[in-house]
Amino acid sequence: MSDKTRRTFLKQCGAGMGAVMASGLWMNGMFMGCSPQDGDSFFENLFQISKEEMQKLLLVALSKGGEFSELYFEYSINNSVRMEEDIIKSSSESISLGVGVRVIKGEQTGYGYTNDLSFEKIKHAALTAAAIANTDAKLKIADLNVLTPKLQTYDMKNSFSDKHLEEKITMVKEAYQGAKDHDPKIAKVSAALADEIQYITIANSDGLLISDVRPQVRLMVSATASDKGTLSTAFANNGGRVGTDFYKNNDHPKDIGIRAAKEALILLEAEDAPAGEMPVVLHKDQSGVMIHEAVGHPLEADGVWKGTTIMKDKLNEMVANPLVTIYDDATIAGYRGSLNIDDEGIETKNVPLIEKGKLVGFLNDKLSAKILKHKENGHGRRQSYAHPPIPRMNNTVLAGGETDPQEIISSVEKGFYAVSYQGGQVSGTGKFTFSVNLGYLIENGKITKPLKNATLIGTNVQILKEINMIGNDMGYFLGTCGKEGQSVPVTCGTPTMKISRMTVGGKA
Amino acid sequence: MSKLLKLAEKMIEYGVKKGATQMQASINEGTEFNVEIRNQNIEKLTEAGSIGASFKIIVDQKVATASSSDLKEDTLKSLIDNAITRAKLTSADEFSALPDKEDVDFDISKLKLYDENINKMTPEKKIAYAKKIEEIGKSDSRINLSAGAFFGTGNGSYNLANSNGFSGSYKNTIFSTGVFLQSGSGDNLFEDGWYEYGRNLSTLPSEEVLAKKAIERTTLLMGAKKIDTQVVPVIFDPQMTGSLLGFLSSCVNGSSIYMKRSFLVDKLNTKIASDIVNIYDDGLLPGAPGTRPFDGEGVPSRKTSVIENGELKSYLLGTYSGRKLKMKSTGNSSGSTNFYMANGTSTPEDIIKSVKNGLYLVKTMGQGTDPTTGALSKGAFGLWIENGKLTYPVAEITISGQLGEMLAGIEMVGNDLTHNRSTCGPTIKVAEMTISGK
C-alpha cells in the first residue's frame, strides 16, 4: 500500500544498514563475465528462455487486444557485510529472480509477475496482464531483434561481485576504524558495505530485445559520539556503479569513516537552529536533495498527464531565476543513479529540464511519452520485476554558476547554512521539506556556530525564483528515492547556492 | 504440516549436516491483487504470486544470512553452503544465538489474521469499491481532480522453523483501499486523501465514510495561511499521535539502545512521560494490523507495557538485543507489532476547547527525527485554534520539539483510539512546541 501523494528522498535506505547481504558471483562463477554482448546466450543462460519463447509470450500478452506488451527478466544478487562494536557481526547474500509482464492499452496497464521462470508460469502472468484489455487479439508482432546498449556508464573493472568476502571485510574494517579511531569521544560505530549486481533482459512487442548488467555498491558508516551525557549520530557514505578502484582513487574507506565521526563531533557542540524566515545558503555536498524534491519530482511526466503536478501547464514558461539550469543525466560515468538503458530498454541521455530559468522538459517513461506525444527520454524505472516502470529521476543536477562560494556566504547578514541532511519530501502540489542534520549560523557574512535539528520548508514555484546566487563549485549526493512504494537509487548534484528567503524550522 | 514448512525443515537438516551450529529458515508465499482507478477507468491492474526463502546460519557464534526468491532446491543448498563459508569469516559474537524454544501456547485462529472473504471477493467487487470512492470523492465541488483510487488484497503464508525445535506457520490476509484527491486552484493546490487497511474485509469502512474522510482531509487546508513564529500548545490528531509513536518506537528499539542511538538509553524504570501516558506493544490484538503469532525468530507475541503511568517499563527486544542488554526478548525481533497509546479520559472536543491559542496538527512532511537526541522537526499543516475553536488552516510552517519533553508535556489524552494502523493513538495535547513560520 502506498500513499500516492508521497515522494521521498532518503539518504539512508532501510535496506542499507544490515538488512540485506554477501559473496562473489556465486554458483561457481556461473555468470562470471556474462555480458549483454553475448547476444542470445545471455538470456538463454541466465533465464533459460529463448527468443522464440519470448516472442510467443509477448503475443499471449496481447491475446485480449492490448497494444503493447513487454517482458522484464531480472536476476540480482545483493551482498552485504556489517561491522558493529569492533566485530564483523554478519554477512548476507540475497538473490532475487523473477519476470514481470506488462500490457498497455490506451492509458491502462495490466501487470503480472512470477518468481518461477517456467514457460507455463510466465504464460499465466502474461494472461493476467493481458486481461486489462478486452477486445480482439493481436495476431502478429514485430520480430525480436537483439540489441546491445551503446553506452557503458558503469565501471565493470574490479567489480565487487567478483570479490571475495575477505576483501570486503578489509574495506569495512578500514571505514569502521576511520571513524572509531578519529576521536575518543566516538562511542559507537557501524559500518556496512552493500553491493549488488543486476542482470536484466527486456523484450517488447515493438521488437526490442536488450540486456544490461548493472553493478551498484555503497559503503556506509554511522558514528555516534558521546560526551558528558550528550549523544549525537552522523552518517557518511559513498559509492556508485563502480568497482574497487573507486575506493582506492576517489574516496578511501577510512575517509568515509572520518567524515561520519567529524560530523558527529560537531553535532555534540551544535545548538538548536533558530526559527523563522531567513536567507538560506545550501552547501554543495548534499543540497542536491532540494533539486530532487523541488524540481525533479514535479517534472516527472506522469504527474503531467494525470494533472497532479503543479508544473503541468508551465512548459516553455520562466519558472526559475534565469541563473538556474537543471538537467537529469543518467549517463554520468559510475554514478549511483546512472544507467546505460532505462528499465524499458531505452537508451539514456542528458535530459534538460530547466534552461536559464525556462522549463524545457519533463522526465518520461514510454506510457507518458505516448500520452503526451513527447519524445521518449529514457526515464522509465522500476524497483524490480515485481513493479511496472514509472517516470523517475537518475542523476539530477543544478548546473554550476559563476560566483565564488565564499562570496555567497559573505552576502548574508543573518542566515542559515545547511550542510547535511536526513532527506527530503515533496507533494505533487510542490510543497517540500528537507530535514537538516547539520547546519551553521551565518552572522555578518561569516559562518559562526554549528546548528542541528532543522527542517526547511517551501513551495517549489516560489523557491525556484528565490535562488539568487549560484556557486562555481559542485557536489554530489547519493540517495534512495521513494515513489508509489518503489525505491530506486539516485544521485543529485548542486553547487553552493543561496535562497533569498525560506522558512527554517528550529527552536524559538 | 504445510509443504513450505517441510521444505524449511529439510533445509535446516541440510545446513546442520553441512556444519551450521544453529540454523533458522523461513519460507513465505503470497499473492497480491491491486487495482488503481483514475477518472473511473482502470489505470493499472496488478496480479501476481511470489515466494521467498530466508536463512540465518550460526557457526560457532558467527552469523551469516541469506535469502532467495528462486526456490529451486539446488539454489537454496548453494546459498546455505555459501552462508556457512561466509559465517566462518565473520567474528564470533557471544550474544549470537537462536532463541530458546518457546511454544506458541494460544490458538492462532483467535487472532483473526485470515479472512475467508479473500477468496469470495471478486475483482469486479474490488473495482466497484474503488470506482465508488473515487466517484464520491470527485462529486464534491471543491475537489478539482482525482489522483486515483485503489483497492488491494493480499494473501500470505508464513512458515518458520529453527534447529532449536521451533516450527510454526500462519496465514494472513490484507484488504486495503484509498483515494487521493486535489483541491485548490492556480499554484495554490492541496493534495491529500485517505486510505484504510485491515486483516478483515469487515474492518474497511463503507465507500461513503472513506470518501468523505478523503474529501475532508483534502479540503481542510484550502486557503491556508502562514503564521508567525511562536511557542504554543499543539494538539495531535489520532493520525499524528500515531506518527509520533512511530518515532518513539525507534527510540525504544533494542538495537538503538545497545548502540546508544537513543535518548532513552539507561532510562528504564524512570519517569519519561506525564502520568496519563500509557503505551503498549500488543502483538495479540485480534484482527489488528500489527498482530502476529510470533516474530521473525519464532518468539511468541505478547503484550508489553512500554510506558506505564509515564514510567518507561520496557524496551522492544529481539533475542540479540535482549542478550546484549541482559534482558529477555519481547518478541520484537521484527520490530513493533501494534504499538499504541491507550485511551485517556478527554473527548477530542474538550481537548480543543482547552486551547486558547495553538495548533491542531493534521499532517506533517519530512523525516526530521533523530532517535539519538530525541529531536523532532517536521513540516506541519493543520488548523489554528483560537479561544477553544478551530479557525483557519495553516500551512508551510514547521514544528519542533524534543520527544522526551513532548512526552512529559502531554496534558490531555483523548478517548478516540482506533486500531486502524499498527502504530496508533488517540488525540493528545502537548503543552508547548515551537512553530516556525514568518
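These legends walk you through views of chain B and of its contact with chain A.

The model is predicted, with local features needing pLDDT of at least 70 and side-chain atom pairs pLDDT 80 or more, while totals for chains, interfaces and linings use all residues. Residues are numbered from 1 along each chain as its sequence is written, chains are lettered from A in the order in which they are written, and side-chain values use heavy atoms, without hydrogens and water.

**View 1. The fold of chain B.** Look for 10 helices and 18 strands in chain B (DSSP runs: H or I of at least four residues for helices, E of at least two for strands). Chain B is as compact as a globular protein of its length, because its radius of gyration, 24 Å, is close to the 22 Å that the globule rule gives for 438 residues (taken over C-alpha atoms; the rule is 2.2 Å times the number of residues to the power 0.38). The C-alpha trace spans about 70 × 55 × 40 Å along its principal axes.

**View 2. The inside of chain B.** Of the 438 residues here, 61% are buried (under 20% relative accessible area, 1.4 Å probe, protein chains only). Among contacts with a separation of 6 or more, 72% join residues 24 or more positions apart (contact: heavy atoms within 4.5 Å).

**View 3. Where chain B meets chain A.** The contact takes 82 residues from chain B and 90 from chain A. About 6,900 Å² is buried between the two chains, 53% of it from carbon and sulfur atoms (accessible area lost on being put together, 1.4 Å probe, summed over both). In chain B, Glu191(B), Met365(B) and Gln367(B) lose the most area to chain A, together 10% of what that side buries.

Definitions and conventions
Buried means under 20% relative accessible area, exposed over 50%, partly exposed in between (1.4 Å probe, protein chains only).
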